[in-house]
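Trainee: Can we go through this one together? I'd like to start with how the helices pack.
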Amino acid sequence: MPVIVNPEACNDERGALLAYLDAQRGGIRRSVHGLTEEQARSTPSASALSLAGLLKHVVTGERGWLRILQGKAPGNAKDQMAEWEHTFEPTEDETVEALLALYDEVARETEEAVRALPSLDTTFEAIRLPWDEGGTRTWRWAILHLIEELARHAGHADIIRETIDGKGAFDLVFETGAMPEPDWSILEG
């Protein structure tokens, strides 16, 4: 729970799903706050993951899902796997700043697409991949899947960031103004 999702954004299912999706995006975005490019590309933990790599992966992943949902993705598993092969490895041109700008664009495109749907029950065909049988899916399923993926990677980002400079998720939430620091004195009574 790095931030509390605004309850007013959750007046309907579509709004709730988009609000929780954006909350997870925020965790990824905040993980690179105040870091140098070198720090964001470093791999300081037992994993081979970097914060810049995670950022590229989630941007590429969300854009890929949006293309699948809109029927614009590569039509076979081999082409999709080729596209995904280097998603954790940002190129020189894929700076944190550039990836954050692209993430804003992808988030806007996702929100527009979801808001334009006649229903979250609208379906699409997922192709078969080594880890998924494919088949008919709803946009609701896809949005929940995106939330799950982002939450998993936001957790990875928390660990990597804390390894870099000791800042945890709540430190970054308060530092960036994503949420005001709570009044801890209420616990003293």
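Mentor: One definition before that: axes are lines fitted to C-alpha atoms, for helices over the stretch in contact, and angles run from 0 to 180 degrees between N-to-C directions. Keep in mind that this is a predicted model.

Trainee: Fine. At what angle do H3 and H6 pack, and how far apart are their axes?
Mentor: The angle is about 175 degrees, and the axes of H3 and H6 are 10 Å apart. Angles over 145 degrees count as roughly antiparallel, and H3 and H6 are therefore roughly antiparallel to each other.

Trainee: Which residues make that contact?
Mentor: From H3 they are Leu51, Leu54, His57, Val58, Glu62, Trp65, Leu66 and Leu69. On the H6 side the list includes Trp139, Trp141, Leu146, Leu150, His153 and Ile164.

Trainee: How do the residues of the contact of H3 with H6 divide into nonpolar, polar and charged?
Mentor: There are 14 nonpolar, 4 polar and 2 charged residues in the contact of H3 with H6.

Trainee: Now H1 and H6. At what angle do their axes cross?
Mentor: At roughly 25 degrees, and the axes come within 8 Å. H1 covers residues 13-31 and H6 covers residues 139-165. That angle makes H1 roughly parallel to H6.

Trainee: Is the crossing of H1 and H6 left-handed or right-handed?
Mentor: The crossing of H1 and H6 is left-handed.

Trainee: And which residues meet there?
Mentor: H1 brings Glu13, Leu17, Tyr20, Leu21, Gln24, Arg25, Ile28, Arg30 and Ser31. Among their partners in H6 are Arg140, Ile143, Leu144, Ile147, Ala151 and Arg161. The contact of H1 with H6 has 12 nonpolar, 3 polar and 5 charged residues.

Trainee: What about H1 and H3, how do they run?
Mentor: Their axes come within 9 Å and cross at roughly 150 degrees, so H1 and H3 are roughly antiparallel to each other. The crossing of H1 and H3 is left-handed.

Trainee: Who meets whom between H1 and H3, and what kinds of residue are they?
Mentor: Leu21, Arg25, Ile28 and Ser31 in H1 meet Leu51, Leu55, Val58 and Glu62 in H3. In the contact of H1 with H3, 5 residues are nonpolar, 1 is polar and 2 are charged.

Trainee: Change of topic. How many aromatic pairs does the structure hold?
Mentor: It holds 3 aromatic pairs. In one of them, Trp65 and Trp141 sit edge-to-face, 5.6 Å centre to centre and with 65 degrees between the planes.

Trainee: Why give both a distance and an angle?
Mentor: Because a pair of aromatic rings is described by the distance of the centres and the angle of the planes.

Trainee: Which parts does the pair of Trp65 and Trp141 tie together?
Mentor: Trp65 lies in helix H3 and Trp141 in helix H6, so the pair ties together parts that are 76 residues apart in sequence. Ring pairs also link Trp65, Phe124 and Trp141 into a cluster.

Trainee: Is Trp65 buried or exposed?
Mentor: Trp65 is buried, with a relative accessible area of 15%. Trp141 is at 31% relative accessibility and counts as partly exposed.

Trainee: Where is Thr110, and what does it touch?
Mentor: Thr110 is in helix H5, residues 96-116. Not counting residues up to four places away in sequence, Thr110 touches Leu21, Arg25, Glu62 and Leu66. Thr110 counts as buried because its relative accessibility is 5%, and the cut-off for buried is under 20%.

Trainee: And where is Thr95 found?
Mentor: Thr95 is in the loop between helix H4 and H5. At 26% relative accessibility, Thr95 counts as partly exposed. Leaving aside neighbours within four places in sequence, Thr95 is in contact with Glu37 and Arg41.

Trainee: How far is Thr95 from Ala40?
Mentor: They are 55 residues apart in sequence and 9.3 Å apart in space, C-alpha to C-alpha.

Trainee: Last one: what does Trp84 touch?
Mentor: Trp84 touches Thr60, Gly61 and Gly64, not counting residues up to four places away in sequence. Trp84 lies in helix H4 and is partly exposed, with a relative accessible area of 23%.

How values were computed. Residues are numbered from 1 along each chain as its sequence is written. This is a predicted model: local features need pLDDT of at least 70, side-chain atom pairs count only at pLDDT 80 or more; totals for chains, interfaces and linings use all residues. Side-chain values use heavy atoms; hydrogens and water are left out. Helices (H or I, at least four residues) and strands (E, at least two) are DSSP runs, numbered from the N terminus. Angles under 35 degrees count as roughly parallel, over 145 as roughly antiparallel, 65 to 115 as roughly perpendicular and the rest as oblique. A crossing is left-handed if the near helix is turned anticlockwise from the far one by less than a right angle, and right-handed if clockwise. Contact means heavy atoms within 4.5 Å. Ala, Val, Leu, Ile, Met, Phe, Trp, Tyr, Cys and Pro count as nonpolar, Asp, Glu, Lys and Arg as charged, and the others, Gly among them, as polar. Rings of Phe, Tyr and Trp (its six-membered ring) pair if their centres lie within 6.5 Å; planes under 30 degrees apart count as stacked, over 60 as edge-to-face and the rest as tilted. Buried means under 20% relative accessible area, exposed over 50%, partly exposed in between (1.4 Å probe, protein chains only).
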